[in-house]
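Thanks for asking me to look over this structure with you.

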Amino acid sequence: MTEASNAIVSPFTQSALDFVKSLEVSGDFGEVRESGMAAFESLPFPTRKTEDWKYTSLHALTTQDYNRPADNFDLDNASELFEVSGLDAYQLVFINGVFVSELSDEISEAGVSAVPLSVASDAQRALFKQHVGNIAETRRNLFTALNNATVEEGVLLHVEKNVQLKKPIQVINITSAQQQTSSAFARCLVVLEQQAEATLIEQFVSTAEEQNILLNQVTEINIGDGAKLNHYRLHTEDESSLHFGGVYVDLNRDSQFESYQIALGGKIKRLDVVVNHNQAGSHCEMKGVYLPKHNQHVDIHSYIEHIAANCTTDETYRGIMADQSKAVFNGRIHIHPDAQKTLANLSNKNLLLSNKAQINSKPELEIYADDVRCAHGVTVAQLDDKACFYLQSRGISRQEAEIMLSFAFINELLESIPVDALRQKLRPLLAQQFTSNESLTQHILDEEIGVCSEGAL
Amino acid sequence: MLSIKNLQAKVEEKDILKGLNIEVKPGEIHAIMGPNGAGKSTLGNVLSGRDGYTVTGGEVSFLGKNILEMDAEERAREGLFLAFQYPVEIPGVSNLEFLKASVDAVRSHRGEEAMDSMTFLKLAREKCKAVNLDQNFLKRGVNEGFSGGEKKRNEIMQMMLLEPKLCILDETDSGLDIDALQVVAEGVNSQRDPNRSFIVVTHYQRLLDYIVPDFVHVLADGKIVKSGGKELALELEEKGYGWIENEGA
Ligand SMILES: Nc1ncnc2c1ncn2[C@@H]1O[C@H](COP(=O)(O)OP(=O)(O)OP(=O)(O)O)[C@@H](O)[C@H]1O
Ligand SMILES: [Mg+2]
């Protein structure tokens, strides 16, 4: 390192580098760590002028030192934090980035590796090493670079050719309250070989206390020819949590990636989702809901790269911002010159429940091929007075009317979740975001009558 | 039942109702006719408590209470029902959950116990049938993608479920085919009761062949300019509104 480059390293970067160097490592993944470290060091710390971070302030990271290891890996009743009743899935549980075998399943399906690295075989570790860092991009996101620099523990999910995973894999990342501000890292690598099929549920939960912890998590997904991944990323941590997440997906010929992302707000919550249509015929369908309230912040950046021809993308995100909360949605679709016959659609609708809530939504279409069909639409609205009056004129209280209309805004997305148990878990959980008064949510949550509309989004 | 005295109201700084008087007794059916823009829908909106409709003078008493002081939902719970001229579409809220929330709110206000979901479902299906709507409509979003006539029948179904004391039907007959008109009229007639009154706003005498009114009023320029029996509707059908204005002048 030269004197000159030393001079521009920010205090956060410097302390993160020191922290990373102090971590004990096995040495197996030295390559990705070193390149991650180099990338991290070369990236300037984002300011308000950094395009990708314009509306998400990282000021909190400069006033307090998060570059310290977390402790408290033992939790009583941890399973209550993530249990999804009626869901039959394999569970892999991590607390503050550390694998908890007592809460986790041993998964032995033919043709499937689903293991934490700390207990993986040499062959599995070699497989992980072969793929890790290939998809995650470090140029845009310093936290992904930092995550690369810390690769040690994490999940490997590998499904062999023509194999269909029998049950979903539920990867649970728990954070617990810390005395001192600190950081934890987590990693997940998914490789589906040709025609393989799997469901991955990434769940992010925390204890209901002041967290003081930043979780930096990166998931890389390689979907082989004709293979399909159903992906869920569910963020329901405490509102004091800090999260920097990245989902990086490579799609091969005729492969499918179907993803649901649900995010409550946090102190800072940032999720980058990057999907590369590398080969012809691949399909990506993403649905997302973000629901910040109080002073929470959520930032979702999606980057869809249409590199090959005949691929499709269908993106639908809905956000409801209450109180003084703030959300950022940036949806970029980039059609490369060879990506003829691309079909891409991006819809982002937002509902502001208060005059002080904010949304910064920016769709970006960059098109370098001529024979494509692309559309995008963004709306920002408030509750519809006419609809509210209609409900009130039938005796429904203003409060309940507002909650019904707010929930209606995301209802159709929720209803489209194909896993019953997840849908049934999420509906009340999200309805509770609008009120803690159960009498106001009883009708939207009534299972017997709560059959929803089949209208188009 | 309902007593409106010298009611004046404005919308967005524009005076619409200019001293309107009506007296409705229990069990009566009143028809209101009148030219476009006269203020008929405004009257319905003012009575049901819509924001933005400001009462600038006069009194309205409903079952002895001053309803002008009440929120929209309170008026509905007290038994006032407005079938809208243009029912709104509310995607994402299922018709059934909406109906259940309404019925629960109104019943609880009356001190009746909440209906369990299965009993309610049965009742809702019954009412669907009564207005000749397929049961699938219960699962759909409120009025979402309903045809004009289906929306009107949905209004009548709501009325049947809520069992209000005073029903204001704002052009419920407009846009209905002949069969649907009959269905709606039968729906209304089935709800006739010595303790229930109706105000039927319509442009067509035809409806009044099915729903026979006790009184017919002409509302023009924010006032009732003429009242009479059911034969007034026939006269209006024949001569239009011009002659009344001349009469007044
Ligand atoms: N929200 C509003 N903003 C502005 N003007 C309004 C509003 N609502 C009603 N008006 C005006 O008030 C007048 C009366 O309207 P209203 O809808 O009551 O008429 P109507 O008698 O029901 O007519 P129609 O027979 O066409 O239904 C019209 O001139 C209308 O444009
Ligand atoms: Mg009208």
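1. How far apart do the C-alpha centres of domain 1 of chain A and domain 2 of chain A lie? They lie 32 Å apart. Please keep in mind throughout that this is a predicted model. Domain 1 of chain A covers residues 11-279, and domain 2 of chain A covers residues 383-457.

2. Let us stay with these two domains and see how they touch. Domain 1 of chain A gives twelve residues to the contact, and domain 2 of chain A gives 13 residues. Between them the two domains bury about 1100 Å², with 79% of that area on carbon and sulfur atoms. Zero salt bridges are found across this interface, but two residue pairs are in polar contact there. On the side of domain 1 of chain A that touches domain 2 of chain A, the elements giving two or more residues are β9 (228-235) and β11 (256-264) of chain A. The largest share of that side, three residues, belongs to β11(A).

3. What is the order of the strands in the open sheet of nine strands? The order is β3-β4-β6-β8-β10-β12-β14-β16-β18 (chain A), and the pairing is mixed. At the edges stand β3 (112-116) and β18 (358-367) of chain A; each has a single partner strand, so one side of each is left without a neighbour in the sheet. From one strand to the next, the twist averages 5°.

4. As a reminder, strands of a sheet pair through backbone hydrogen bonds, either parallel or antiparallel. Strand β10 (residues 242-251) and strand β12 (residues 268-277) of chain A pair in the parallel sense, over ten bridges. One pair to pick out is F244(A), whose bridge partner in β12(A) is R270(A). A helix also packs on this sheet: α5 (residues 122-131) of chain A touches β3, β4 (155-159), β6 (182-192) and β8 (213-223) of chain A. The direction of α5(A) makes about 95° with that of β4(A).

5. Now move to chain B. An open sheet of six strands here has the order β6-β9-β10-β3-β11-β12 (chain B), again with mixed pairing. Which strands stand at the edges? They are β6 (80-83) and β12 (223-228) of chain B; each has a single partner strand, so one side of each lacks a neighbour in the sheet. The twist in this sheet averages 20° from one strand to the next.

6. Within the chain B sheet, strand β3 (residues 29-33) and strand β10 (residues 197-201) run parallel and are joined by four bridges. Here H30(B) stands opposite I199(B) in β10(B). Helix α6 (residues 148-162) of chain B packs on the sheet, where it touches β6, β9 (166-170) and β10 of chain B. The direction of α6(B) makes about 165° with that of β6(B). Helix α9 (residues 231-239) of chain B packs on the sheet too, touching β3, β11 (215-220) and β12 of chain B, and its direction makes about 45° with that of β11(B).

7. How do the two chains meet? Chain A gives 29 residues to the contact and chain B gives 40 residues. The area buried between chain A and chain B is about 2900 Å², and carbon and sulfur atoms give 63% of it. In chain A, the residues that lose the most area to chain B are F389(A), Y390(A) and R394(A), together 29% of what that side buries.

8. Side chains of opposite charge can pair when their charged atoms come close. Between chain A and chain B the count is one salt bridge; R394(A) and E155(B) meet in a salt bridge at 2.7 Å, N to O. Twelve residue pairs are in polar contact between the chains. Helices α7 (385-392) and α8 (398-415) of chain A each supply at least two residues of the side that touches chain B, and the largest share, seven residues, comes from α8(A).

9. Finally, look inside α8(A) itself. The side chains of E402(A) and R398(A) meet in a salt bridge at 2.9 Å, N to O. Both residues lie in helix α8 of chain A, four residues apart, about one turn of the helix. Over all chains, a search of the whole structure finds 30 salt bridges.

Notes: Residues are numbered from 1 along each chain as its sequence is written. Chains are lettered from A and ligands numbered from 1 in the order in which they are written. This is a predicted model: local features need pLDDT of at least 70, side-chain atom pairs count only at pLDDT 80 or more; totals for chains, interfaces and linings use all residues. Side-chain values use heavy atoms; hydrogens and water are left out. Two strands pair if DSSP finds at least two bridges between them. Axes are lines fitted to C-alpha atoms, for helices over the stretch in contact, and angles run from 0 to 180 degrees between N-to-C directions. Contact means heavy atoms within 4.5 Å. Domain bounds come from an automatic or database domain assignment. Buried area is the accessible area (1.4 Å probe) that two parts lose on being put together, summed over both. A salt bridge is a side-chain nitrogen of Lys or Arg within 4 Å of a carboxyl oxygen of Asp or Glu. A polar contact is a pair of N or O atoms within 3.5 Å; within protein, one must be able to donate a hydrogen and the other to accept it, and residues adjacent in sequence count only if both atoms are side-chain atoms.
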